[in-house]
Amino acid sequence: MVLTADDVKKIAYLARLGIDHQDIESYARDLSNMLDLMKQMGETDTGGVLPMAHPMDQIQRLRVDDVTETNNRDNFQKIAPLVEDGLYLVPKVIE
Amino acid sequence: MENYQENWESVIGLEIHAQLATQSKIFSGASTAYGAEPNTQACAVDLGLPGVLPVLNEQAVSFAVKFGLAIDAEIAPYSVFARKNYFYPDLPKGYQISQFELPIVGNGHLDIDVDGETKRIGITRAHLEEDAGKSLHESFHGMSGIDLNRAGTPLLEIVSEPELRSAKEAVAYMRKMHELVRYLGICDGNMQEGSFRCDANVSVRPKGQQEFGTRAEIKNINSFKFVEKAINHEIERQIELIESGGKVVQETRLYDANKDETRSMRSKEEANDYRYFPDPDLLPVEITEIFKAQIKAQLPELPAAKKQRFTEQYGLDCESAGILTSSRQLSDYFESLVKESLCEAKLCANWITGDLLASLNKTDLDIADSPVSYQRLAGLLIRINDQTISGKIAKQVFELMWQSNSTADEIIDEKGLKQITDTGAIEAIIDRIIAENPGQVEQYLSGKDKVFGFFVGQVMKEMQGKANPAEVNKMLKAKLK
């Protein structure tokens, strides 16, 4: 599979990555190679093999439903660029 | 609309988000209490600060399993959390932790009643996920304000099969689901606070066609009234569009309750590709048979079973039984009332579905906050039963009970409302009324039966409602021969 420059730009946009125009071609080549590797791996017969959800062969531990956190807003907001009335301010987003 | 329905069929699937009634968040120990000052319940995990790790809340898992058992679903012995990637300021991590390929609850079903018929609606799946925060767009000098208190609140997303065929069915389904999650005690069902909301997938197709039409998704509907209106509006829009030669495009639409219309959410979000992948921060969740059995043991009697029991045990009609079992509190109130008053179940049911619910609705109160407890209402029913007061007077007493803390007996004594059983006194009044209204007597005797009601009314008025109407009828009939 060969990715085009547009595919690379789209992928970069989805991940909100800024990439240099001159690097697009090499990214396209590298990513295409990775997809080829995937394709090759996809040809392996994995029938009867359970998909691995996590490299550690363990089960999720569960937490008791207790409130253990206290209000730490002032400290968290010290490192925020802009706050007002307890809210974090961000550039306007319109739905 | 009627004309449309002849040629078109609508296909609807609902995705319901039920906020789980846990104390703390799904992956952190921050409180989920509603209405706190902005960001006072958003901890480092909820803010997505570097270096934090999510730890799954056991109660959220229990609630999901409880729900799955209640809808007769497969519970996944092994389920996985995944990251759903998108960028929005109220989602600080840049992804929402959700479930994708291996949700905790698989295939199940829920029965709904529409126009006296029962229909089984398939449930594709239900999965656990975290809620996002809230964005406020007003009054921040061109900026948006973000409150992350809600971020990380546990949600159960319940996805139905596209088996609903009208807005009415969709509402019935949503109500049934609302009833169920509250019965189970896994969600408070508060729609104003957003604890229970839904997205609707709507498409239309010519009647008889097998393939589905292109669907549009209506987002974030948070009332039963809106779900019906929004879906009906969307159905009409799609039919009109197709009939005028257009094509439905797959998109997300927002319902605007003020204008009663849906409009397209034209934003870059449309281009979203969520790129789900298993969250490496969380291990797979295992649900053992023992865990499942423990939860099964905690399941309460469910609405459908209780409704059935109410019709059999108490001889109630389906409608009353349906109303009384619409919430656990209401059905408990009914059963306590029957026990306390030892009155006929039907009398108890009528008073609850009639005067009590009407008064609660009028004052916008829940049964749990009813000013008239079942004990006090029982006191009133006992007095109807032993004929101390008539049903009509009882309504007056009930109103007074609603406004005070007095018992029925106190009010009956204080206001002198006791029914007059002295037939001599009733007879005297009947004689007087007959004497005073010779014209009506003549009309009645000449065959105008309707005038009889006039006499009953006059006698009851004279007696301030305190006579037994059946007795008055009997005596009047005898006198007017």
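B:K307 is partly exposed, with a relative accessible area of 22% (buried is under 20%, exposed over 50%, partly exposed in between; 1.4 Å probe, protein chains only). Its side chain meets that of B:D113 in a salt bridge, 3.4 Å from N to O (a salt bridge is a side-chain nitrogen of Lys or Arg within 4 Å of a carboxyl oxygen of Asp or Glu). The model is predicted: local features need pLDDT of at least 70, side-chain atom pairs count only at pLDDT 80 or more, and totals for chains, interfaces and linings use all residues. Residues are numbered from 1 along each chain as its sequence is written, chains are lettered from A and ligands numbered from 1 in the order in which they are written, and side-chain values use heavy atoms, with hydrogens and water left out.

**Salt bridges**

- The pair B:K307 and B:D113 links distant parts of the chain, 194 residues apart. B:K307 sits in helix α7 (residues 303-314) of chain B, and B:D113 in strand β6 of chain B. Helices (H or I, at least four residues) and strands (E, at least two) are DSSP runs, numbered from the N terminus.
- B:D113 also forms a salt bridge with B:K176, where the closest N and O atoms are 3.7 Å apart. B:D113 lies in strand β6 (residues 108-114) and B:K176 in helix α4 of chain B, so this pair ties together parts that are 63 residues apart in sequence.
- B:D113 is partly exposed, at a relative accessible area of 36%. B:K176 is buried, at 19%.
- B:K219 forms a salt bridge with B:E217, with 3.7 Å between the closest N and O atoms. B:K219 is partly exposed at 28% relative accessible area, while B:E217 counts as buried at 15%.
- A network of salt bridges links B:E234, B:R237, B:E251 and B:R253.
- Over all chains the count comes to 31 salt bridges.

**The interface of chain A and chain B**

- In this interface, 34 residues of chain A are in contact with 54 residues of chain B (contact means heavy atoms within 4.5 Å).
- The area buried between the two chains is about 4,100 Å², and carbon and sulfur atoms give 63% of it. Buried area is the accessible area (1.4 Å probe) that two parts lose on being put together, summed over both.
- On the chain A side, A:Q60, A:R63 and A:D65 lose the most area to chain B, together 18% of what that side buries.
- Across this interface the rule finds zero salt bridges. It does find 21 residue pairs in polar contact, both residues at pLDDT 80 or more. A polar contact is a pair of N or O atoms within 3.5 Å; within protein, one must be able to donate a hydrogen and the other to accept it, and residues adjacent in sequence count only if both atoms are side-chain atoms.
- In chain A, α1 (5-14), β1 (62-63), α3 (73-78) and β3 each supply at least two residues of the side that touches chain B. β3(A) gives the most, with five residues.

**A sheet with strands from both chains**

- Four strands form an open sheet in the order β2(A)-β3(A)-β9(B)-β8(B), with antiparallel pairing. Two strands pair if DSSP finds at least two bridges between them.
- The edge strands are β2 (83-84) of chain A and β8 (134-136) of chain B, each pairing on one side only.
- Two bridges join β2(A) to β3 (residues 87-91) of chain A, and these strands run antiparallel. A:V83 stands opposite A:Y88 in β3(A).

**Nonpolar cores**

- The largest nonpolar core has 67 residues. Such a core is a set of buried Ala, Val, Leu, Ile, Met, Phe, Trp, Tyr and Cys residues joined through side-chain atoms within 4.5 Å.
- Helix α4 (residues 167-184) of chain B gives the most to this core, with ten residues.
- Another core, of 37 residues, lies apart from it; B:L324, B:L337, B:I352 and B:A378 are among its members.
- Residues with the most contacts inside the largest core include B:L14, B:F67 and B:I231. Leaving aside neighbours within four places in sequence, B:I231 is in contact with residues including B:I12, B:L14, B:A200 and B:F226.

**B:E130**

- B:E130 is found in strand β7 (residues 117-130) of chain B. At 6% relative accessibility, B:E130 counts as buried.
- The side chain of B:E130 reaches the backbone nitrogen of B:I97 at 2.8 Å.
- Not counting residues up to four places away in sequence, B:E130 touches residues including B:F27, B:K93, B:I97 and B:T153.
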